[in-house]
Amino acid sequence: MNQKLKLLCGACLITSSFYAAADIRLNGFARIAAGKTLSDDQNHMGYDNKLDFRNESLFALQVTGDMGDGLSATAQFMARGEDDFAVEVEWAYLSYQLTDSTRLNAGRLRIPFFRYSDFLDVGYAYTWLRPPAAVYDLPYTSYDGVSLLYNTYMGDADIEVQAFTGAAKDTISVEGAPAETELADVYGANVTFNMDWLYLRGVYLTSKATFNVGAPAFQGLISNLEAAGQAEAIDQVLVNEDTGSFAGVGVGLLFGNLNLQGEVTKVGVADSFIADRTRSYVSASYQFDQLTPYVLIQKIDDEANLDGANSIPDVAPLAGLKAGLAGFLQDQENTEDGKYYSVGFRYDFHPSASFKTDLTRWKGDDGEDDKVLTFAIDMVF
Amino acid sequence: MSKFIKAIFVLASFFSFSVLAEISIIVHPSNAASVSSDDVSRIFLGKKKSFSDGNTVVPINLKEGSDTRETFNSTVLNKNSSQLKAYWSKLVFTGKGAPPKEVASAAEMLKLIANNPNMIGYLDSSAVDASVKVVAKY
């Protein structure tokens, strides 16, 4: 056998053994949701008064290649109706089981802000039609970085500790215009304690936040402050590598078929126009075999960050500017505060699919009062 | 008429037999690890990855829809199939775990367990033979 042929055969062997060793798994989930507001001409949670089938519909496919010895690679591709079903990579990571209890994930991962963050889009995994919107209202769902996961148990309780670091980017809407935003140097940890009837969770993370807000109203405000020489106020308003923090706790109690749960989160970005956010919810559900009705109450109790306006001296020529800025900052709180009341049910009509209905009423402290009715079918496969 | 009643009786006893089916948890005959009922549940929920002697454990499930699996789910894991599906979808779509591998039949289960000291499985007690070791019954 000549050298070339030998080499070729060696290559064949290696390739075929790669194929034999890698165990490829395909999983997926999908949601078809339809909803509308019940009022005349307002928009809420992405719906208006015409029945919409796209806003919360999605389709996702996950591919996992298991190389054995604890090493695997996973990618999750998701097409969301609200993005015209354009396919995006929601997760893409390598996972390595370091020991029986420790796993390292690296790549594009979910930021574990909330109890349901990891499977926000997998409606089949939770009872509600959607996770509580007031609390689960942060633009960033994924980050690029690493996460170390440690699992252990004490008696009947499972304990999971997760430490993570990385960076996230997203384009969000600020004052009606798209703004490119970035969370750099994200550091956080998340601890959950879980037994049959009790679930406890705590999470904390910090990051350096930067928002490039291009909205004309915002730019106008900044140029007026510049013209008036109010550099400190500008610094207190712009989000430029300012320290952001997120803290959250979650509690769940299971009494037979009765499930009670709640979460409280606090978010703040120091020296910025962003209001300090306090969001919470409590929920109860009761499982009658295949049917699980639920109620959910959520509260938004933000507090405007008025430091920028307060830094402007109390002198007559600046009074208008000061009042204008104070108004803008106060609006960050006033347009958000309010409560959501939801009732709904989940019906498991198939081993891999459930049907859900939800009626949510939003009562804003600014007088806004609106209802959204939504139906959804969630599937996993 | 009496034939009819007899038929119903036979049918009823068959039905109650299948409901009361006993589940045996099985391992390789050489496996000397102790396996508590908590361990079985943790192993099949992906929370425990080794036997009490430190060896890696690989749980094997019967295929979805099998009566024995349903009984195992409800008596050993204390969950119905949609709760289990929701449980696994939380892990599968978050990189935290994957459900046990499945086999299509009791014969396949016996063959796998009899040949691999790392595996643990379950069968209806009537399907168990001497090629495997029973560590618990439910």
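Colleague: Is Asn80(B) buried, exposed or partly exposed?

Modeller: A residue is called buried under 20% relative accessible area, exposed over 50%, and partly exposed in between, using a 1.4 Å probe and protein chains only. Asn80(B) has a relative accessible area of 28%, so it counts as partly exposed. This is a predicted model, in which local features need pLDDT of at least 70, side-chain atom pairs count only at pLDDT 80 or more, and totals for chains, interfaces and linings use all residues. Residues are numbered from 1 along each chain as its sequence is written, chains are lettered from A and ligands numbered from 1 in the order in which they are written, and side-chain values use heavy atoms, with hydrogens and water left out.

Colleague: Where in chain B is Asn80(B)?

Modeller: Helices (H or I, at least four residues) and strands (E, at least two) are DSSP runs, numbered from the N terminus. Asn80(B) sits in the loop between α3 (67-75) and α4 (81-92) of chain B. Its C-alpha is 7.5 Å from that of Glu70(B), although the two are 10 residues apart in sequence.

Colleague: Which backbone atom lies 2.8 Å from a polar atom of the Asn80(B) side chain?

Modeller: That atom is the backbone nitrogen of Gln83(B). A polar contact is a pair of N or O atoms within 3.5 Å; within protein, one must be able to donate a hydrogen and the other to accept it, and residues adjacent in sequence count only if both atoms are side-chain atoms.

Colleague: How many helices and strands does chain B have?

Modeller: Chain B has 5 helices and 5 strands, in the order α-β-α-β-α-α-β-α-β-β along the sequence. Of its 138 residues, 43% count as buried.

Colleague: How do I read strand pairing in chain A?

Modeller: Two strands pair if DSSP finds at least two bridges between them. Strands β3 (residues 71-80) and β4 (residues 87-99) of chain A are antiparallel, with 9 bridges; one of the bridges sets Ala75(A) against Ala92(A). These two strands make a hairpin with 6 residues between them, and Asp84(A) in the turn has a positive phi of about 55°. On to the next strand: β4(A) is joined by 7 bridges to β5 (residues 102-110) of chain A, again antiparallel, and Leu94(A) stands opposite Ala106(A). The hairpin of β4(A) and β5(A) has 2 residues between the strands.

Colleague: What does the side chain of Ser142(A) reach at 3.0 Å?

Modeller: It reaches the backbone oxygen of Glu90(A). Ser142(A) belongs to strand β6 of chain A and is buried because its relative accessibility is 14%.

Colleague: How many residues of each chain are in contact across the interface of chain A and chain B?

Modeller: Contact means heavy atoms within 4.5 Å. Here 31 residues of chain A touch 21 residues of chain B. Buried area is the accessible area (1.4 Å probe) that two parts lose on being put together, summed over both. It is about 2,200 Å² between these chains, with 48% from carbon and sulfur atoms. Asp100(A), Tyr124(A) and Tyr153(A) supply 20% of the area that chain A buries against chain B, more than any other three residues.

Colleague: Which residue of chain B forms a salt bridge with Asp158(A)?

Modeller: A salt bridge is a side-chain nitrogen of Lys or Arg within 4 Å of a carboxyl oxygen of Asp or Glu. The partner of Asp158(A) is Arg42(B), with the closest N and O atoms 2.8 Å apart.
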